[in-house]
Amino acid sequence: MEDLRIAVIGLGLRRNLATAAHRPGRGSVVAAVADLDPQIRAKVPELYEGAVAVDDYRRLLEDPSIDAVIVATPDDTHEAIACEALEAGKPVYVEKPLGISVEQCDTILRTAYKTGTRLYVGHNMRHMGVVRLMRDIIARGEIGEPKTVWVRHFVSYGGDYYFKDWHADRTRTTGLLLQKAAHDLDVVHWLAGGYTKRVNALGDLMVYGDLPRREPDTPRPEGWLKEFDWPPTERHDLHHVVDVEDVSVMNMQLDNGVIAAYQQCHFSPDYFRNYTVIGTEGRLENFGDSPGDEVRVWNTGPSGYRKDADIVYRVPEATGSHGGADERIIGEFCRFAREGGVTDTSPVAARMSVAAGALATRSLREGGVPYDVPELEPELLAYFDGGQLPREAGE
Ligand SMILES: NC(=O)c1ccc[n+]([C@@H]2O[C@H](COP(=O)([O-])OP(=O)(O)OC[C@H]3O[C@@H](n4cnc5c(N)ncnc54)[C@H](O)[C@@H]3O)[C@@H](O)[C@H]2O)c1
């Protein structure tokens, strides 16, 4: 089997995904990179042997030697680039979030439907060991039927990763309840077996609104990714626009009746995602989210708090970035690009997580009023649920 020749569009901080895709002789290679930044383009030959680097991604979409495309540019550019790639007939992997509004997501889904080109969305958390472990526990019925899911998300590097570049500008992301939360909202949906139909939220910009900012078009200072300031109020050199929230809490009602909550803070000392799922016959909670960490299950009771729980599972060992999830998701994408078929990630689910985050953001900016998630067109739902199979002419 020849290696799938992949073009990567956008080789910024999310570069580990491209690195996971470069496995000469083992299924796929990064054959080309498009990036607007000449310094990044200059590094391409040493990063991926034999790869070409261009500034205009359209050149790669026209190149018949390219088999598939990964879009890893900032979120607000996904719609335009993904649609052009689909129109060009190149199977496309779009990094999460799929877009920054429901309308953008629906345009991408409709373009995939119309062109018949395979669309894949990179929700790599579905390939993380801790998430799969929690899902397996629920699927085995160890906590009964899941009824409520609560997620607390502590983002220790928030001030550095999300308030020093485009992430901090709501015109580029909508907000961090969409940008950062899209992964976890997708996992909430996956664990609970439903999609959000109604949301409300509260949030505010509490710490990073008043800290020193950089002038527009000035680069981040050298070493910004190695030296982190503490406490968070010591951070400086923030993006020139900072108008997204650094604390937000949202409530969700899912279409299967499950009630869920998600909370995010960008100035906590430690980085951690803490999930609790309570079902009709038990509760699970994760203690850490890396290989070797634990998911504990309590399914006898009632009792006082028991630290030792009834069953303790360990997150499986794995090597690679994001606990091996990037390598696994690239493997799934390559198989899908070649053969099609069912995948663990889903474009519809990606749209639903954006929808929940976008409407929650609207809610928190309007005093917490609830919003209903608009339904996806039935023909798109059927097409993607059916595995993106070729349609008959005229269908
Ligand atoms: N799944 C994950 O775990 C995960 C983690 C981080 C980021 N992301 C997502 O990955 C994407 C990229 O994030 P990042 O942190 O690498 O951003 P970044 O700003 O570090 O990098 C983006 C790169 O895209 C390039 N670019 C922008 N517009 C372009 C265009 N029109 N043509 C070609 N190149 C262009 C920029 O020059 C830059 O090098 C975002 O959608 C982000 O949300 C996903």
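**Note on the ligand site and the aromatic pairs**

1. Leu13 places a backbone N or O atom 2.9 Å from an oxygen atom of the ligand, a polar contact (a pair of N or O atoms within 3.5 Å). Taken alone, the ligand exposes 860 Å², of which the protein buries 84% (Shrake-Rupley method, 1.4 Å probe).

2. The model is predicted: local features need pLDDT of at least 70, side-chain atom pairs count only at pLDDT 80 or more, and totals for chains, interfaces and linings use all residues. Residues are numbered from 1 along each chain as its sequence is written, and side-chain values use heavy atoms, with hydrogens and water left out.

3. Two further residues approach oxygen atoms of the ligand. The side chain of Asp35 has an N or O atom 2.5 Å from one, and a backbone N or O atom of Lys96 lies 3.2 Å from one.

4. The ligand is surrounded by 24 residues, and Asp35 is among the closest (a heavy atom within 4 Å).

5. There are 13 aromatic pairs (rings of Phe, Tyr and Trp, the last by its six-membered ring, with centres within 6.5 Å; planes under 30 degrees apart are stacked, over 60 edge-to-face, the rest tilted). Tyr157 and Tyr161 form an edge-to-face pair, 5.9 Å centre to centre with 90 degrees between the planes.

6. The rings of Phe163 and Tyr208 have centres 4.7 Å apart and planes at 35 degrees, so this pair is tilted. Both residues, Phe163 and Tyr208, are buried (under 20% relative accessible area; exposed is over 50%, partly exposed in between; 1.4 Å probe, protein chains only).

Conventions
A polar contact is a pair of N or O atoms within 3.5 Å; within protein, one must be able to donate a hydrogen and the other to accept it, and residues adjacent in sequence count only if both atoms are side-chain atoms.
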